Number of protein chains: 2
Amino acid sequence: MRETGGVAIAPRASGERQELLAFIEEIGLAIEGQGLPRMAGRVLGALLVADPPEQSADELVATLHASRSSVSTMTRLLEGAGLIERVSRPGDRKLYYRNRPDAWHQRTLDTMEPVRNLRALAARGLALMDGAPPDVRRGLIDMYRFYAYWERELPRMIESWKAARDRGELPPLPEPGEAP
Amino acid sequence: MRETGGVAIAPRASGERQELLAFIEEIGLAIEGQGLPRMAGRVLGALLVADPPEQSADELVATLHASRSSVSTMTRLLEGAGLIERVSRPGDRKLYYRNRPDAWHQRTLDTMEPVRNLRALAARGLALMDGAPPDVRRGLIDMYRFYAYWERELPRMIESWKAARDRGELPPLPEPGEAP
DNA sequence: CGGGACGTTCAGCCCTGACTGAAACCCCAG
DNA sequence: CTGGGGTTTCAGTCAGGGCTGAACGTCCCG
């Protein structure tokens, strides 16, 4: 059994609770800016600062003051996107959610689909304009070349990030009082 | 003086007009997926396949069947974002618009602001959780490290793209019947 | 000094899509 | 088979933002 009722997002000091909720809210806004529902971002934010890292749907409902349906929809959405994962425990009928370690570069890899789409669109445009003079086709040519390059290099960059991380060659963590 | 009334998006064959409009519409959808208004994407698309490349506001209104206010708002938005530019001609009171050659990597560079924001958020989260055990902070640590890396590498990649382009080392253009 | 062509701004309509509450569903325990 | 905790689904509501029409500047030409 598990302690319920209390909100389980690291209430380590009384004043910090407000700040944590504000933090969650800002993550929500940031994720909303990336095209996902704001509530999805809130769930992600709640899991980021959750203590313990696994949270049940009810706990998320309590911390976010959201409806069960929202939490259910958003957890499924986030799981489908590879950003969180569900974990179940023997002898416990609840499902728990926690953020996946590679959520953020997964998030970045998701931009590959639009990139492919734009490159394909540029190719289509060039086909439509194949008889036109060079200065008329210039824009489409630039577009095609850029996205072709990007489509090739972006996965490479993610790979080299993973390699650097696995070798322990990582950017340092921020100093406590670093610039915003 | 300039030919007006007729729609000036490369009407080089009668059947292609439909396809060009469909192309513009898809660019609109793609840009909408990036967080800009769909109409902004349509303007960008229209300028991409425009013949001649410079188009007046009225011509855009005609091709897009949009209102003057939309076109005015969107051209200003796109100019502010560095995606198109205005050009004026002596002895002509109209303004003309054309797409900027570096529109697409500009578009990609625009993702830097969210990246900086997310890194800063991760730093804030780490500050809030500074006494917590490592497994609780793990998610924030991954987030911070990834975005710090990305913030450093993304501008480098754009630069190396520009360098490759200026040296003429570019991905080849698509073959006429290439894979979608 | 009008007048007209262009461009911008503003209030309002409308449509999408996020979020909710309640009902339906599923699964295991007894 | 029945009960109940947990999750999903569905219809409905509401807010936000895109787009428009019309009014408002602004500039230049007669």
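Visitor: How do the residues of the surface near DNA strand C divide into nonpolar, polar and charged?
Guide: Please keep in mind that this is a predicted model. DNA strand C is surrounded by 20 residues, and among the closest are Met39(A) and Leu95(B). Sorted by kind, the residues of this surface come to five nonpolar, eight polar and seven charged.

Visitor: Which element gives the most to the surface near DNA strand C?
Guide: The elements that give two or more residues to this surface are α2 (38-48) and α4 of chain A, together with α3 (57-64) and α4 of chain B. The element that gives the most, with six residues, is α4(B).

Visitor: And which element provides the largest share of the surface near DNA strand D?
Guide: Around DNA strand D there are 20 residues, and those that come nearest include Ser69(A), Pro37(B) and Ser70(B). Two or more residues each are given by α3 (57-64) and α4 (68-80) of chain A and by α2 (38-48) and α4 (68-80) of chain B. The largest share, six residues, comes from α4(A).

Visitor: Which element gives the largest share of the side of chain A that touches chain B?
Guide: The contact takes 60 residues from chain A and 60 residues from chain B. On the chain A side, the elements that give two or more residues are α1 (16-32), α5 (103-109), α6 (112-128) and α7 (134-166). The largest share, 18 residues, comes from α7(A).

Conventions: Residues numbered from 1 in each chain as written. Chains lettered and ligands numbered in written order. Predicted model: local features only at pLDDT ≥ 70, side-chain atom pairs only at ≥ 80, totals over all residues. Near = placed C-beta within 6 Å. Helix = DSSP H or I, 4+ residues; strand = E, 2+ residues; numbered from the N terminus. Contact = placed C-beta atoms within 7 Å. Nonpolar A, V, L, I, M, F, W, Y, C, P; charged D, E, K, R; others polar.
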